[in-house]
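Me: I am new to this structure and would like to learn how to read it step by step. Could we begin with the way helices are described when they pack together?

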Amino acid sequence: MQSDAEAFVLELVQALHRHGLPAYRIEDALQRVGKRLGLELNVFTVPTGLTLGIGPLASQHVRLLRVQPGSIHLGRTHALAELIEDIDAGRLDVAGARARLTEIERQPHLHGPLALVAAFALASAASAVFFGARAAEVAVSGAIGAVVGMLASGAERHVRLARLFEVLAAAAAAFVAGLVTAVLPGLERESVVLASIIVLLPGYTLTVAMNELAARHYSSGTARLGGVLATMFLLACGAAAGTAGADATLALLPAAGPAEALAPLPTWGLWLALFLSPLAFKVLFQARDRDAPWIVGAAWVAFLGARAGSAWLGPLLGAGCGAFVLGLASNALARLRLRPSSITTVPGLLVLVPGSLGFRGVSSFLAEDSLPGVELVARMLAVAMALVSGLLLAGVVVPSQRTL
């Protein structure tokens with residue numbers, strides 16, 4: 001018969017997986033909890049499955065769970081970290097821990113659908129700034145990003161839409177961007193599409209996959225990497241379909257006038273985008289309002305560290321430098337404020353992750369331009385590994401000493 005402690009461990013491992021924790025974090029957390037509760041645990045986790053062995057090997061019983069890939073929820077991650085710390089310190093028994101876990105999982109999302117749509121728009125507009133877009137392109141990217149956000153909100157409520165969400169979102173973004181060229185002939189369509197779907201690009205997931213591979217969690221890392229490539233191809237196929245549809249529609253309309261020079265973005269636009277984009281990520285990842293200043297600060301640290309590293313060591317190692325200083329700052333903050341380092345590490349990494357390289361590479365494959373595609377995908381993997389190396393080195397120099 002299953003004990004209360006075993007039932008709690010099963011609930012906890014599902015909650016950790018549900019909120020986007022990587023394999024090594026889940027396994028480390030379960031080992032701590034199991035040791036405190038007097039359970040011998042062996043945990044094996046991949047993005048779509050959990051295997052939990054409970055008890056000594058000779059009499060071990062196994063629980064196999066089929067689960068969906070998790071999504072990041074920083075507010076609940078923080079609450080789960082506090083729960084694990086309280087169990088490890090002996091401040092909670094099994095009954096109290098189960099009640100706390102149930103309360104955490106029943107809490108409503110910190111940010112509702114309207115806030116998420118606004119965050120999609122803001123993240124897209126800020127990304128366009130980072131790509132060097134002009135003022136009109138930033139505005140168009142933000143508007144299309146809001147459309148993608150509305151599709152994402154609908155996909156959460158409809159299973160069939162969720163299965164095709166990436167394709168539909170990329171197709172819609174490319175189609176609208178193509179039609180806008182009839183009004184703004186000088187529009188850089190590819191950059192606008194890329195900025196519009198930037199939230200959907202699995203750059204952070206790629207970094208987690210490489211981190212899991214570096215931590216010798218080969219099954220989880222390989223499966224997650226396969227998911228990254230599948231998402232890239234879905235987005236690229238959708239964008240190709242949307243572009244073709246827009247071109248066919250434009251062929252039926254009067255020819256657009258000559259391209260006119262679009263007004264450049266003011267020089268302060270970059271710094272405004274660097275302030276607003278972390279706030280968008282804070283909403284998208286359901287972080288608490290009180291963590292907003294730390295999240296903005298982490299993004300600035302990562303961005304400036306990468307800029308300085310690129311000037312001294314080149315773009316590839318520059319990304320690693322950005323991740324290194326971000327890891328140092330996040331781990332030091334975790335030690336001082338007794339908070340999970342992921343609260344600042346995850347949003348901070350998003351100004352560094354190489355998702356746009358992968359999207360461009362896969363798009364080149366679909367356009368039968370293989371050589372640039374190979375180069376871009378190889379560069380994406382190299383940048384991801386540089387980010388992982390910077391984070392691992394930061395963990396050696398300043399360990400966070402916090403759960404999750």
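Reply: Axes are lines fitted to C-alpha atoms, for helices over the stretch in contact, and the angle between two of them runs from 0 to 180 degrees between N-to-C directions. Two packed helices are then described by that angle and by the distance between the axes. Please keep in mind that what you see is a predicted model. Here the axes of helix α1 (residues 4-18) and α3 come within 11 Å, crossing at roughly 145°, and the crossing of α1 past α3 is left-handed.

Me: Which residues of α1 and α3 meet there?

Reply: From α1 there are Phe8, Leu12, Ala15 and Leu16, and they meet Leu80, Leu83, Ile84 and Ile87 in α3. Sorted by class, this contact of α1 with α3 has eight nonpolar residues, with no polar and no charged ones.

Me: At what angle do the axes of α2 and α3 cross?

Reply: Helix α2 (residues 23-37) and helix α3 (residues 74-88) have axes that come within 9 Å and cross at roughly 30°. Angles under 35 degrees count as roughly parallel, and α2 and α3 are therefore roughly parallel to each other. Their crossing is left-handed. On the α2 side the contact is made by Ala29, Arg32, Val33, Arg36 and Leu37, and on the α3 side by Ile84, Glu85, Ile87 and Asp88. The residues of this contact of α2 with α3 divide into five nonpolar, no polar and four charged.

Me: How many residues does the largest nonpolar core have?

Reply: The largest nonpolar core has 75 residues, and those with the most contacts inside it are Leu200, Leu349, Phe359 and Leu387. Helix α5 (residues 113-130) gives the largest share of this core, eight residues. A second, separate core of 31 residues includes Ala5, Leu21, Ile87 and Val94.

Me: What does phenylalanine 359 touch, not counting residues up to four places away in sequence?

Reply: With those set aside, phenylalanine 359 touches Leu194, Ile197, Leu201, Met232, Leu235, Ala236 and Ala239.

Me: Is proline 347 buried or exposed?

Reply: The cut-off for buried is under 20% relative accessible area, and proline 347 counts as buried because its relative accessibility is 0%. Proline 347 is found in helix α15 (residues 342-349). Leaving aside its neighbours within four places in sequence, proline 347 is in contact with Leu74, Phe281, Ile295 and Ser342.

Me: How far apart are proline 347 and alanine 136?

Reply: In sequence proline 347 and alanine 136 are 211 residues apart, and in space they are 26 Å apart, C-alpha to C-alpha.

Technical notes: Residues numbered from 1 in each chain as written. Predicted model: local features only at pLDDT ≥ 70, side-chain atom pairs only at ≥ 80, totals over all residues. Heavy atoms only, no water. Helix = DSSP H or I, 4+ residues; strand = E, 2+ residues; numbered from the N terminus. Parallel < 35°, antiparallel > 145°, perpendicular 65-115°, else oblique. Left-handed = near helix turned anticlockwise from the far one by under 90°. Contact = heavy atoms within 4.5 Å. Nonpolar A, V, L, I, M, F, W, Y, C, P; charged D, E, K, R; others polar. Buried < 20%, exposed > 50% of the residue type's maximum accessible area, 1.4 Å probe, protein only. Core = buried A, V, L, I, M, F, W, Y, C linked by side-chain atoms within 4.5 Å.
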